[in-house]
Protein chains: 2
Amino acid sequence: MSATHEDVVRAAHRIDGRVRRTPLAGSATLDAFLGHRVRFKCECLQKVGAFKARGALNALLARAERGEPVGSVVAFSSGNHAQAVAWAARLLGVRATIVMPANVSEVKRIATAAYGAEVVLAPDRVAAEAEAARRAARGATLIPPFDDDDVLAGQGTACLEALQDGAVPDAIFVPCGGGGLLSGTYLAARGTALVYGAEPVAANDAARSYRDGHIFRFESAPVTVADGVQTLSLSERTFAHVRRTAGIYEIPEDDIAYWTQWLTHLLKLTVEPTAALGMAAAHRWLSARPAPSTALVILSGGNLSAATRARVWDRERLGEPPRPVESGHLGGR
Amino acid sequence: MSATHEDVVRAAHRIDGRVRRTPLAGSATLDAFLGHRVRFKCECLQKVGAFKARGALNALLARAERGEPVGSVVAFSSGNHAQAVAWAARLLGVRATIVMPANVSEVKRIATAAYGAEVVLAPDRVAAEAEAARRAARGATLIPPFDDDDVLAGQGTACLEALQDGAVPDAIFVPCGGGGLLSGTYLAARGTALVYGAEPVAANDAARSYRDGHIFRFESAPVTVADGVQTLSLSERTFAHVRRTAGIYEIPEDDIAYWTQWLTHLLKLTVEPTAALGMAAAHRWLSARPAPSTALVILSGGNLSAATRARVWDRERLGEPPRPVESGHLGGR
């Protein structure tokens, strides 16, 4: 049986007090530019700098609650999920092993090790996944990055908090990689607002899957500055939720960099390109609205390497203030 | 008669509710690295993205309170003071003219104009100051960037709030350009904690002045990535306070970039290089402390151009975690 709204509510109680209740922010300047209201759920201020702390912690706590033995945990990731699992494991006093592809940046490796995890390097992504599976077969508890009901319910708690804290959105926008955050957000909203995903044009597997009615899978990791959504495909589990959302916006690379710069400038928060996807989508959606509307954007995280920063800040994009776009369509739709 | 602690308290009441009561933040990771506690007053989240909003608003309100006619205001600045005066003037419904040197970045020009100010370009810094004086002579109210008791008392309210909000520091660290923030902070602390200034080695006029007992003045603007402290010298007014502080740390350019990267990474806030100066100084001071101590760092602002960002993120500096420095001396002292 697939996860429900109640699973998100239970997850919120479970992780309460151990994750940060991140603030809701806004920018009067941005609202004036757009003629609409945008509220931001600041998960870049979450533990480990991303919403991933929620899903990882909920997965560990829920497994323990069900009486599953959790002697050690293992995860494969080169991104925020790695740090999230390492952090959650240390919090609960459990040993963690994170398998990373060898080309992972030194900063991410160090950050993950700093949370007390053992970092194991595998030749590439596929090998990392296989190595994690091997360790899981030998008894370690595998925490998948998105294909897990506890993980996706945990991710949904960010949206749930925002709604509890007074955001009253007409529509909610989140980035979509494997679909964990989008699934959890969809469950959290429970039909009180439209829920949209956003992904790079260059990594539009979810948009294609949504359009075609079956999962599209990339052969190799798509190339985009939004390194949080380079997953090859949704899973059957997340697709079951994603296909019921209002749609997936496809965002050009240039718009991702533009909004990363502008959100950094307006909010003074560290915003990773993946987090800017939701704002780019909200911008398109709001531009097509006939009357002032409110968008809730889940700012997924704030972890950027120097290389990613350099790609985003290749040139000054703050000379062109945001204005409504002419067509509010869903990219490739 | 020079400004006192009571002037800072009065300024705080005066501007209450119109500036943001910015949060106090910390990083458990940083504290673990250093073996000390660092509290951050997040003025990068202040209106206009810098503490300058405090001084500008206090200056306008105090003048009105004293019955001085404020028909229009003028300021010369290429930095945060420009936006602060423009913002404060609009808030009070007063016309503002900001005179900027012609080489100011387009982003700063646009941002200042976006607050409703008329932007006048002058050939250079000296000409800008002269043009502002001309307009003041014709009746406009001049709001100086630091050489003004109302301005420096306003800047001190950031520290005052931090102390009221529960920071219990052994020492307080702020960047020093013209000395307005340092003077106000010194008055706010009223001897309850040591107060240190921090400036780039490359722009060490305050350190030299402190050492020599008289004001040292640069012939031309010093070159440093910390563009908020490129002033030529202190004024007699600010020097009178600055010379009574605990000292001025002189920070190499490389340390400024290092701490800008690390604070951005740890706090997920947009931190301008000038704001990193205080942390670099706190790092030196804490390294020399025999027992665990608490430092309060006033993060002055979060406005960076793409060019400044590129200089800070020229290479990844997050591979070397902070550790205590061997010598906690005051740079050139």
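A residue counts as buried here if 20 or more other C-beta atoms lie within 10 Å of its own, as exposed if 12 or fewer do, and as partly exposed in between. The model to which this rule is applied is a predicted one. Lys268(A), with 27 C-beta neighbours inside 10 Å, is therefore buried. Lys268(A) belongs to the loop that joins α11 (253-267) to α12 (273-287) of chain A, and its phi is positive, near 60 degrees, although the residue is not glycine.

A positive phi is also found at Arg190(A), again a residue other than glycine, where the value is about 45 degrees. Arg190(A) lies in the loop between α8 (180-189) and β8 (194-200) of chain A, and because 16 other C-beta atoms lie within 10 Å, Arg190(A) is classed as partly exposed.

The contact itself draws 20 residues from chain A and 20 residues from chain B. On the side of chain B that touches chain A, α5 (106-114) and α14 (306-312) of chain B each contribute at least two residues, and the residues of that side comprise 9 nonpolar, 6 polar and 5 charged. Because 100% of the interface residues of chain B are also interface residues in chain A, the copies meet through the same surface.

Key
Residues are numbered from 1 along each chain as its sequence is written. Chains are lettered from A and ligands numbered from 1 in the order in which they are written. This is a predicted model: local features need pLDDT of at least 70, side-chain atom pairs count only at pLDDT 80 or more; totals for chains, interfaces and linings use all residues. Two residues are in contact if their C-beta atoms, placed from the backbone, lie within 7 Å. Helices (H or I, at least four residues) and strands (E, at least two) are DSSP runs, numbered from the N terminus. Ala, Val, Leu, Ile, Met, Phe, Trp, Tyr, Cys and Pro count as nonpolar, Asp, Glu, Lys and Arg as charged, and the others, Gly among them, as polar.
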